[in-house]
Amino acid sequence: MPNGYLGKILWVNLTEETFQEENLPEELYRQYIGGYGLATKILYQNMPAKVDALSPEAILGFFPGLLTGTVAPLSGRFMVAGKSPLTGTWGDSNCGGYFGPEIKKCGYDAILFKGAAKTPKYITILDGEKQILDASELWGLDAVQTEEKLLEKYSRAQVASIGQSGEKLSLISGIVTDKARLAGRSGLGAVMGSKKLKAIVLKGNQSINVSDKNKLLESTKSYNESIQNATRGAVAAFRTMGTTFGNTISFQIGDTPCKNWGGTKEDFPDERLNKISGPELLKFKQKSYGCFSCPVQCGAIMKVPEANIEETHRPEYETCASFGHLLLNDDLVSIFAANDLCNRAGLDTISAGGTIAFAIECFENGLLSVDDTDGIELTWGNSNAIIEVLKKIITREGIGDLLADGCKIASEKIGKGSETYAIHALGQELGMHSPKYYKSMGASFAFDPTPGRHTTASLDMLAGGPLMKPNGLFDGFSLPEKFKRRGEDRSEAEKLIAGLWQSFNSLGLCEFLAFYLQYPLKELIKSIVGWDLSVNDLVKIGLRIQTLRQAFTLREGVDIINSKLSERTVSIDYLEDYKGYCEKMGWNPENGYPLKETLTNLNLDFVVKDLY
Ligand code: SF4
């Protein structure tokens, strides 16, 4: 067996109720690494072009990274991948917790679903035994109830499931693990719901071979010790408050949007802002929580009696911003409640908050009335109304049905100029980071093959940490000297970051490590897989992955170059930025199409016939 990876994937056909294993050649891993790198190749070649994302022909895959399941620090993440029913583009969503490593323990580098069951099903893979089982008793339960019920039956298993939002095909729904970790973006919960797949239950005992165990332990120990010893900076902030350390500072510097992206600091003054600060959230903390093989443990388990919540995960910064600042809501208990409702229903908090912000602005401007909102006074900062509307989005009742597929679709239904208030990129609500602050975020939001995401390789955000210094994050990787100024160096830097980031994601690494300390990437890959890969090799592999993500989106007929952001969100010519990036990527800057020679150079010749 090869080192680091298992060499095979599992196909589950839900129509025929069959399982089929497929062995993958080593060359495929060398070219695509693992994780969503593998996903791009497998989905591109197996999914028909322009498929309805909610049809049986659509494929949904779960892909742990190449390092996932080993002790390599911060490597426990996995990707869910498919076509996004929300944007019509390539769809993926990253998730932490313990589910990703369990896929590897079950002996697979990926589990993929095709077809659709006629009645609700769940699958189990338990110590090598695979079954497709009736889920009618689980259908209708939220994700926490589902997981608890399944764990009563299958102790020490890992579960991924959908809540009511995925069942009801809400296009802003995701997939839940660890009772609260969501693969939230891209609407992939609806894809799982369309297949009538309620849950996946995994328990395995397969170990992962590594090339040099001593070296692996040495590199891991040394990095983990540096993390433990860090008492200041990003590590300390994440360890204490998780991402919520940004709740106040990000707003003060102009990064966090407010009032549906149309507000100013005066709309949410300090006395209100401070009510939802990281330290305020800490008052509810019971204990720390973290993903598999992570020395930071940035999560927290909270108890919120004021919201009748016995146990819940700490809301992330994104959730606090989308249900707080964006709605001018300073009622922290309501943010806990919204977070818990979304986690249980399997609803993306960014999109849910963004869509409610849209609805509030419609209401405030007379485009929606109490007749449309089932009597709810949907005004800025009205926390009771926010929770009421959220509950309706989950059940798809009344106003909730109008809003359950995101703000773009809702605005198309409302009309009357409401699209001005719909802040999205190709249908997906934007992450809670302003392109007016992180300038590169404009092009990332508008044009990435998965639009609207703050976790794509956006230069200014990632280069705020150790990446800014030569060799600061990875030995052998430096950004061009003048990357902060617009011009050649900046476009080159955007290309390098895009390449690096795709490999990074494909390895299963947590994005937050970009803000921590120098990471022994080369050493870990060598000690686990045995490959002598330089960071430049990883960049080249990443460029292949990014180009294939792009090709997937273009093959779907998406006019990516004409994706536009609301003027509220941007302050620079982000299209010009993108054109510079396209030139460096070897893509046509007029339409984003990868050039034929680029496809050939990246061993993507199979794409040419689809795009030309
Ligand atoms: S830093 Fe936080 S999100 Fe990242 S792997 Fe660790 S616990 Fe998970």
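Residues are numbered from 1 along each chain as its sequence is written. Because the model is predicted, local features need pLDDT of at least 70 and side-chain atom pairs count only at pLDDT 80 or more, while totals for chains, interfaces and linings use all residues.

We may begin with the overall fold. The protein chain has 25 helices and 17 strands, where helices (H or I, at least four residues) and strands (E, at least two) are DSSP runs numbered from the N terminus. The C-alpha atoms of the protein chain fill a box of roughly 60 × 60 × 55 Å along the principal axes. For 612 residues, a compact globule would have a radius of gyration near 25 Å, and the 22 Å of the protein chain agrees with this; the radius is taken over C-alpha atoms, and the globule rule is 2.2 Å times the number of residues to the power 0.38. Of the 612 residues, 61% count as buried. Here a residue is buried if 20 or more other C-beta atoms lie within 10 Å of its own, exposed if 12 or fewer, and partly exposed in between, with C-beta atoms placed from the backbone. Among contacts with a separation of 6 or more, 70% join residues 24 or more positions apart, a contact being two C-beta atoms, placed from the backbone, within 7 Å.

The interior comes next. In soluble globular proteins, nonpolar side chains tend to be buried together. The largest nonpolar core in this model has 201 residues, and Ala 359, Val 389 and Leu 390 have the most contacts inside it. Such a core is a set of buried Ala, Val, Leu, Ile, Met, Phe, Trp, Tyr and Cys residues joined through C-beta atoms within 7 Å. Leaving aside residues up to four places away in sequence, Ala 359 touches Leu 368, Leu 378, Val 389 and Leu 403.

The ligand is surrounded by Leu 74, Gly 96, Phe 238, Gly 290, Cys 291, Cys 294, Val 296, Gln 297, Cys 298, Gly 299, Cys 510 and Phe 512; a residue is near the ligand if its C-beta atom, placed from the backbone, lies within 6 Å of it. By class, this shell has 8 nonpolar, 4 polar and no charged residues. In this scheme Ala, Val, Leu, Ile, Met, Phe, Trp, Tyr, Cys and Pro count as nonpolar, Asp, Glu, Lys and Arg as charged, and the others, Gly among them, as polar. Phe 238 of the ligand shell is also one of the buried residues of helix 8 (residues 233–241), together with Val 235 and Met 241. Helix 7 (213–229) and helix 11 (278–282) are among the elements that cover these buried residues. Just after helix 8, Gly 242 takes a positive phi of about 60°.

Among the strands, strand 3 (residues 60–64) has 5 of its 5 residues buried, so it is largely enclosed by the rest of the structure. Leu 60, Phe 62 and Pro 64 are buried on one side, and Gly 61 and Phe 63 on the other. Strand 3 pairs in the antiparallel sense with strand 6 (residues 111–114) over 3 bridges, and with strand 4 (residues 78–83) over 4 bridges; pairing requires that DSSP finds at least two bridges between two strands. Phe 113 in strand 6 is the bridge partner of Leu 60, whereas Phe 63 stands opposite Met 79 in strand 4. Elsewhere, strand 7 (residues 121–126) and strand 8 (residues 129–134) run antiparallel and are joined by 6 bridges, with Lys 130 as the partner of Ile 125. These two strands form a hairpin with 2 residues between them, and Asp 127 in the turn has a positive phi of about 45°.

Most residues other than glycine have a negative phi. Leu 328, however, has a positive phi of about 55° and is found in the loop between helix 12 (317–323) and helix 13 (332–345). Leu 328 counts as partly exposed because it has 19 C-beta neighbours inside 10 Å. Asn 471 likewise has a positive phi, of about 60°, and lies in the loop between helix 19 (459–462) and helix 20 (488–507). Lys 436 sits in the loop between strand 17 (428–429) and helix 18 (441–447), and touches Gly 254, Val 570 and Ser 571, not counting residues up to four places away in sequence.
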